[in-house]
Amino acid sequence: MAATWNVAGAKWPAACQALAELHAHCPFTSSPPLAHPAFVALQELTSPPTSEVHDDLQVLVHKHDQSWRSAGVLISRTFFPHILATHPSPLGLVCIARDRSGLPWGLGTLHFPHYTQVADTTAAIEAFLALVPSRGHRICIGADLNETFQFLDGEPVQVSTRGQLLLLSLAQRELTLLPADNPHHPTFHPFNTRHKARSLDYFIVSANVCARPSHTLALSRHALKSDHEQVLVQLRLPPSKPLGHPKRKLRSVCEVKLAKHWPAPPITQDRL
């Protein structure tokens, strides 16, 4: 499972704690209920740039000099034991990783600014997508696109010129947006209630990613006093065995600092 969340100024440890609390009570996944996410994309963090590992959890946060806030990813080393490279961008970052069966992935977080003009849209998104691997990788990017899309037969339909340009750039790289299974639940609820709630948060995926429609976790925004809901998606990996000696037992994240915020998943589980 993967998640994306615009946390509206929170720091990543607070986001971890909120994730754990929300996932313990959400029935979105089947068995076990809402297992530990393999990958989380975070936008609008106030954490400083960092790259650190806390047992199972790889934390990567990037802040561009011209950006107001930082962006980050949280990656489970159980599901993605090999992180090969990290490519920062003014709009977020992209990580190149291999899953436990050796398959290559591009995992990323993207915050497309609402103030980007139509004339600058293509150049801005193309600069970000240039960091995304184009061949053989499975791509999963959590994104706050600051655009609302309708879906027809599972395919995104633009509602603005800027949205059309975004979809065109994605399509040229054989990427698309996942529809939501509960589209009547908007992902963005403005603090100014005079403005209409709408959906701005999506997953960008490649055709070789086996994923169900995304799911908006209604009311999750209150866990961090954000104006965005958390969006989840279930991904599937090919059946595989965990890397390493078969008798080796991974330490529980509960044995280290931050463990109460990030419970470890069973290593025998093949579903994300």
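This is a predicted model: local features need pLDDT of at least 70, side-chain atom pairs count only at pLDDT 80 or more; totals for chains, interfaces and linings use all residues.
Residues are numbered from 1 along each chain as its sequence is written, and side-chain values use heavy atoms, with hydrogens and water left out.

The secondary structure of the protein chain comes to three helices and 15 strands, where helices (H or I, at least four residues) and strands (E, at least two) are DSSP runs numbered from the N terminus. Of the 272 residues in the chain, 53% are buried, a word that here stands for under 20% relative accessible area, with a 1.4 Å probe and protein chains only. Among contacts (heavy atoms within 4.5 Å) between residues at least 6 apart in sequence, 68% join residues at least 24 apart.

Six of the strands form an open sheet with mixed pairing, in the order β6-β7-β8-β9-β13-β12, and two strands count as paired if DSSP finds at least two bridges between them. At the edges stand β6 (82-89) and β12 (175-177), each of which pairs on one side only.

Strand β8 (residues 104-111) contains G108, which counts as buried because its relative accessibility is 0%. Leaving aside residues up to four places away in sequence, G108 touches F39, A41, V73, L93, V94, C140, I141 and G142. The C-alpha atoms of G108 and C95 are separated by 6.0 Å, although these residues are 13 apart along the chain.

The axes of α2 (residues 118-129) and α3 (residues 161-172) come within 9 Å and cross at roughly 30°, where axes are lines fitted to C-alpha atoms over the stretch in contact and angles run from 0 to 180 degrees between N-to-C directions. Angles under 35 degrees count as roughly parallel, and α2 and α3 are therefore roughly parallel to each other. On the side of α2, V118, T121, T122, I125, E126 and L129 meet T161, R162, L165, L166, S169, L170 and Q172 in α3. The residues of this contact divide into six nonpolar, five polar and two charged.

Terms used: Angles under 35 degrees count as roughly parallel, over 145 as roughly antiparallel, 65 to 115 as roughly perpendicular and the rest as oblique. Ala, Val, Leu, Ile, Met, Phe, Trp, Tyr, Cys and Pro count as nonpolar, Asp, Glu, Lys and Arg as charged, and the others, Gly among them, as polar. Buried means under 20% relative accessible area, exposed over 50%, partly exposed in between (1.4 Å probe, protein chains only).
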